[in-house]
Amino acid sequence: MSAGIRAGLLLFPLVAFAIWGIFHVPSPHNQMPGAGEDITLDALPSLPHWAEAKLPDFSSYQDVSGKKKAFFSFLYPRIVLANSRILIERQYLETLNRKESLSESETSWLARQAERLRVDEDPGSDEMFRRLQARLDVIPPSLVMAQAANESAWGTSRFARRGNNLFGQWCFSKGCGVVPKGREEGKSHEVAAFSSPYRSITGYIQNLNRHPSYQQLRDLRRKARENGRFASGAALAAGLTSYSERGNEYISELRSMIRYNKLADYDHEFRDAVLENGTRELVQLASSSEETALLPGRVDEDSSVNEG
């Protein structure tokens, strides 16, 4: 096969995604209560300054491989940041579950988490803990990356460029986002705008963790944990039939992207370097002053990622 043909084959998917991103209208299941909703978790260190950085101009890349590498390198530290903060909360939840009695402040914390994750159970009840444990959990990096690439045309779609929206989340307050081209008359939805791509990632994770449409994803994740495994992105993709009108075709496409771009390597890195950390190490990750400290291979090099 000639070099020209190989280059064409590599370029075609990016061109196709870019064109599709211009016209794509996300699924109504990807709804945000409001683009400005505060979904920051309780009792966590302040976000590092780089979490609020805007989306780079990925359309400026001429080299396909260079664009992909830059896109994934931008996303991964933000995925680690978001997931680390979830793991801190999850560990605190498990600590409370082991206690014989709860203080007023602990019960209040549980009630706030239950409201945020849409768990309608009595605070402190066994059923509340069971359901919160199923919802207060991480999303594997490979799935986040594949969906971000798919939904945002590798960070070049109109919604990504104008609203830092990488996953096509909707909102319903006038002015909360970007009005889709070709929106039907009488419809009021917009594609949510976020202050940064990091906020889009946390909104996307929260959506998967609480929306009824993604119960299958949460069940697959819970069963994997019960069996002592970390569910891969390819495995959890099975729970996303409602994310797109294309259903199973969409799932197959995500899995192909994970496989072709070797995104499972990021899951392995996250599992080995982040997932089993204690609270102290997670707090360091969740407040790292340098985003490059969270890139693959860097977390284990310096356990004090927040120093220096």
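User: Which residue forms a salt bridge with D137, and how far apart are the closest N and O atoms?

Analyst: D137 pairs with R90 in a salt bridge, with 3.7 Å between the closest N and O atoms, where a salt bridge is a side-chain nitrogen of Lys or Arg within 4 Å of a carboxyl oxygen of Asp or Glu. This is a predicted model, in which local features need pLDDT of at least 70 and side-chain atom pairs count only at pLDDT 80 or more, while totals for chains, interfaces and linings use all residues. Residues are numbered from 1 along each chain as its sequence is written, and side-chain values use heavy atoms, with hydrogens and water left out.

User: Where do the two sit in the chain?

Analyst: D137 lies in the loop between α4 (126-135) and α5, and R90 in helix α2 (residues 64-97), so that the pair, 47 residues apart, links distant parts of the chain; helices are DSSP runs of H or I with at least four residues, numbered from the N terminus.

User: Buried or exposed?

Analyst: Both D137 and R90 are buried, meaning under 20% relative accessible area with a 1.4 Å probe and protein chains only, whereas exposed is over 50% and partly exposed lies in between.

User: How many salt bridges are there in the whole structure?

Analyst: The search finds 13. One of them joins E127 and R130 at 2.4 Å, N to O, and these two residues are separated by about one helical turn because they are 3 residues apart in helix α4.

User: And what about E253?

Analyst: E253 forms a salt bridge with R246 at 3.1 Å between the closest N and O atoms, and E253 is partly exposed at 24% relative accessible area, as is R246 at 26%. Salt bridges with shared partners also join R90, E94, D137, R221 and R225 into one network.
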